[in-house]
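Hello,

Here is the structure I promised to pass on to you. Please have it open while you read the notes under it.

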Amino acid sequence: MNAGKQVLMVLLLCEVLLGEGDRASLIPEEGKRWVAGQQGHRTDQDHAALLDFEATLLQMFGLQRRPRPTRAAVVPQYLLDLYHMQSGEEDQPGPSTANFEYPEKSASRANTVRAFHHLEHLEQVVAEDRVDGNTPFLFLFNLTSIPSEELLSSAELRLYRHRIPGAEQHTEDQQRHRINVYEVMKPPHTSQLITRLLDTRLVCHNTSGWESFDVSPAVLRWTHERLSNLGLVVEVQHLSLPTAHHNRHVRLSRSLHAEPGEDWDETRPLLVTFGHDGRGQSLARRSRRSPKPRGRKRGRHCRRHALYVDFSDVGWNDWIVAPPGYHAFYCQGECPFPLADHLNSTNHAIVQTLVNSVNSSVPRACCVPTELSAISMLYLDEHDKVVLKNYQEMVVEGCGCR
């Protein structure tokens with residue numbers, strides 16, 4: 001049984017244990033006393049079932065234990081924007097939403113996106129500023145938290161560059177700089193680095209903003225081939241500035257040179273990986289959904305019922321960034337003889353219901369989900385890493401007799 005069907009079964013169990021209603025409360029250990037006080041007849045078996053509910057959800061998320069984010073955990077705006085656009089919520093507020101470019105190609109081959117900040121305590125200048133003004137420096141990223149079963153398809157390095165004051169006084173040619181990104185192939189000896197070029201970008205230094213570089217070849221070597229991760233070297237080259245301005249080149253955001261008042265959390269270098277764990281479909285940019293009409297209720301016949309799972313009920317909103325909850329829905333109702341067209345029945349269900357009408361030892365057809373959809377979740381894992389993941393078969397879209 002796959003994870004999507006497991007969670008729907010557990011949601012129904014939760015509803016039985018907690019009573020009727022359209023909200024499912026995910027009750028952890030500390031909530032058992034409240035449940036016992038509200039329902040004095042609760043048994044140890046009920047308590048164990050509630051704990052299994054939490055464990056099942058964590059297993060579905062691919063987590064060994066409940067994440068406990070530290071104060072140092074930061075959710076990059078890029079991942080928030082990606083979540084909003086992937087979920088069809090482009091109108092959500094965000095400082096970079098207006099200029100956000102959805103990574104169609106990368107997302108179409110992945111169901112999981114992970115974000116990694118560089119290791120600040122290992123950041124170092126590779127060499128002193130050269131005479132020609134070039135400034136190479138090193139970024140290291142710890143990717144060991146990526147599960148072995150997750151195959152990466154692409155990766156990008158995102159760097160924030162700051163505008164140079166007075167840049168408008170230069171000609172257009174004088175405003176141009178080149179940013180080169182290299183993979184470190186061998187440990188450095190003295191001041192010499194053995195590198196290979198991964199990507200390059202020509203930029204103007206009269207504006208501030210993010211630049212994205214394709215570093216897939218290096219990251220795939222580190223993860224697929226399990227080769228040494230020696231980091232990425234970034235080099236800034238000015239092209240035609242006057243000699244008097246050689247020391248005025250594009251400044252990339254990094255901890256060594258962070259300035260007072262700079263919003264460091266929002267401009268830290270970021271490595272983003274796109275991968276697939278082999279389960280379910282890839283990410284797909286969705287348009288905003290309009291609520292489906294409820295339609296008139298058909299007595300006790302099989303139909304979809306409201307069921308909202310609220311993660312804040314158990315404080316899971318400290319590690320689940322978005323959504324705060326979701327409408328799971330569930331199917332319930334009778335499949336009476338004869339089966340009407342609106343019950344969305346299969347031929348087998350019709351035959352089974354016919355047999356049941358003359359032989360009660362054969363059960364009636366059951367009211368079950370006939371159409372399920374996915375949701376995207378943005379959360380912090382056990383390692384304080386931000387993950388955007390697509391989970392299949394989480395929402396009931398249609399019910400029928402089967």
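Below are my notes on its charged pairs, its aromatic side chains and one surface patch.

Before the details, please keep in mind that this is a predicted model, in which local features need pLDDT of at least 70 and side-chain atom pairs count only at pLDDT 80 or more, while totals for chains, interfaces and linings use all residues. Residues are numbered from 1 along each chain as its sequence is written, and side-chain values use heavy atoms, with hydrogens and water left out.

Let me start with the salt bridges (a side-chain nitrogen of Lys or Arg within 4 Å of a carboxyl oxygen of Asp or Glu). The model has 13 salt bridges. Glu183 takes part in a salt bridge with Arg196, at 2.8 Å from N to O. Here Arg196 belongs to strand 7 (residues 192-204) and Glu183 to strand 6 (residues 176-189), 13 residues apart; helices (H or I, at least four residues) and strands (E, at least two) are DSSP runs, numbered from the N terminus. Glu183 also forms a salt bridge with Arg221, at 3.1 Å from N to O. Arg221 sits in helix 6 (residues 216-223) and Glu183 in strand 6, so this pair ties together parts that are 38 residues apart in sequence.

How covered are these side chains? I use buried for under 20% relative accessible area, exposed for over 50% and partly exposed for in between (1.4 Å probe, protein chains only). Glu183 is buried, at 0% relative accessibility, and Arg221 is buried too, whereas Arg196 is partly exposed at 32%.

A network of salt bridges links Arg161, Asp199, Arg201 and Glu211. Within it, Asp199 and Arg201 have their closest N and O atoms 3.6 Å apart. Arg201 also has its charged end over the ring of Phe213, 5.0 Å from the ring centre (NZ of Lys or CZ of Arg within 6 Å of the ring centre and within 35 degrees of the ring normal). Likewise, Arg304 lies over the face of Phe329, at 3.6 Å from the ring centre.

Now to the aromatic pairs (ring centres of Phe, Tyr and Trp, the last by its six-membered ring, within 6.5 Å; planes under 30 degrees apart are stacked, over 60 edge-to-face and the rest tilted). There are six aromatic pairs in the structure. Trp316 and Trp319 have ring centres 5.4 Å apart and planes at 50°, so their pair is tilted.

Best wishes
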